Amino acid sequence: MQLLFIAIGGAVGALARFWAANTFNDLHGSGFPFATLGINAIGSFLMGVCYVLLTERLYLHADLRYLLMIGLLGAFTTFSTFSIEAVVLLEQGCLGQAAAYVVGSVVLCLLACWTAVLLTRLI
């Protein structure tokens, strides 16, 4: 049953990621990987909210954690996309952009997740 919940969440997360990436790219262009950066930050924030609600506050069934945290958010945020976009920037000789993207992604996503944990605990 766990695999089914992960698969359902993963399908929804992948579709949400596709929609969000297209929306980001339509708004900001595709020269810099804003879509992946934004999606990963949003996903990290939502992961923090889910963590507090599902494991500290509501103590809901583990299947919901599989559905939301592993399936949906796991498919929504993709480290592999982040990795290839950083490599492409490096190969294009955009060392500054690559560094900004890598550092920005790590810092922004950690801050988003931590902020969500702290804010959700206040609710």
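## Overall fold

From the N terminus on, the elements of the protein follow the order α-α-α-α-α. The model is a predicted one. In total the protein has 5 helices and 0 strands.

The C-alpha trace spans about 50 × 30 × 25 Å along its principal axes. Of the 123 residues in the protein, 33% are buried.

## Packing of α1 and α2

Helix α1 covers residues 2-28 and helix α2 covers residues 34-57. Their axes come within 8 Å of each other and cross at roughly 130 degrees. That angle makes α1 oblique to α2, because an angle has to be over 145 degrees to count as roughly antiparallel. The crossing of α1 and α2 is right-handed.

## Packing of α4 and α5

Helix α4 is formed by residues 79-91, and helix α5 by residues 95-122. The axes of α4 and α5 lie 7 Å apart, and the two helices pack at an angle of about 160 degrees. The pair is therefore roughly antiparallel, since the cut-off for that class is an angle over 145 degrees. In passing α5, α4 makes a left-handed crossing.

## The salt bridge

How many salt bridges does a search of the whole structure find? The search finds 1. The side chains that meet in a salt bridge are those of E56 and R121, with an N to O distance of 2.6 Å. This pair links distant parts of the chain, as E56 belongs to helix α2 and R121 to helix α5, and the two are 65 residues apart.

The class follows because buried means under 20% relative accessible area and exposed means over 50%.

## Other pairs distant in sequence

Y51 is a residue of helix α2. Its C-alpha lies 9.1 Å from that of A116, although Y51 and A116 are 65 residues apart in sequence. Y51 counts as partly exposed because its relative accessibility is 37%.

E85 is located in helix α4. Between E85 and T36 the C-alpha to C-alpha distance is 8.7 Å, and the two residues are 49 apart in sequence.

## Nonpolar surface patch

Which residues form a nonpolar patch on the surface? They are V102, V103, V106, V107, L110, L111, W114 and L118. Together these residues have about 740 Å² of accessible area.

One of the patch residues is V107, which sits in helix α5. The relative accessibility of V107 is 43%, so the residue counts as partly exposed. That value qualifies V107 for a patch, because patch residues need over 30% relative accessible area.

## Summary of helix α5

Several of the features above involve helix α5. This helix packs against α4 with the axes 7 Å apart, and the two are roughly antiparallel.

Note on methods
Residues are numbered from 1 along each chain as its sequence is written. This is a predicted model: local features need pLDDT of at least 70, side-chain atom pairs count only at pLDDT 80 or more; totals for chains, interfaces and linings use all residues. Side-chain values use heavy atoms; hydrogens and water are left out. Patches are made of residues with over 30% relative accessible area and no salt bridge: like charges are joined within 9 Å, nonpolar side chains (Val, Leu, Ile, Met, Phe, Trp, Tyr) within 5 Å. Accessible areas come from the Shrake-Rupley method with a 1.4 Å probe; for residues, only the protein chains shown count as cover. A salt bridge is a side-chain nitrogen of Lys or Arg within 4 Å of a carboxyl oxygen of Asp or Glu. Helices (H or I, at least four residues) and strands (E, at least two) are DSSP runs, numbered from the N terminus. Buried means under 20% relative accessible area, exposed over 50%, partly exposed in between (1.4 Å probe, protein chains only). Axes are lines fitted to C-alpha atoms, for helices over the stretch in contact, and angles run from 0 to 180 degrees between N-to-C directions. Angles under 35 degrees count as roughly parallel, over 145 as roughly antiparallel, 65 to 115 as roughly perpendicular and the rest as oblique. A crossing is left-handed if the near helix is turned anticlockwise from the far one by less than a right angle, and right-handed if clockwise.
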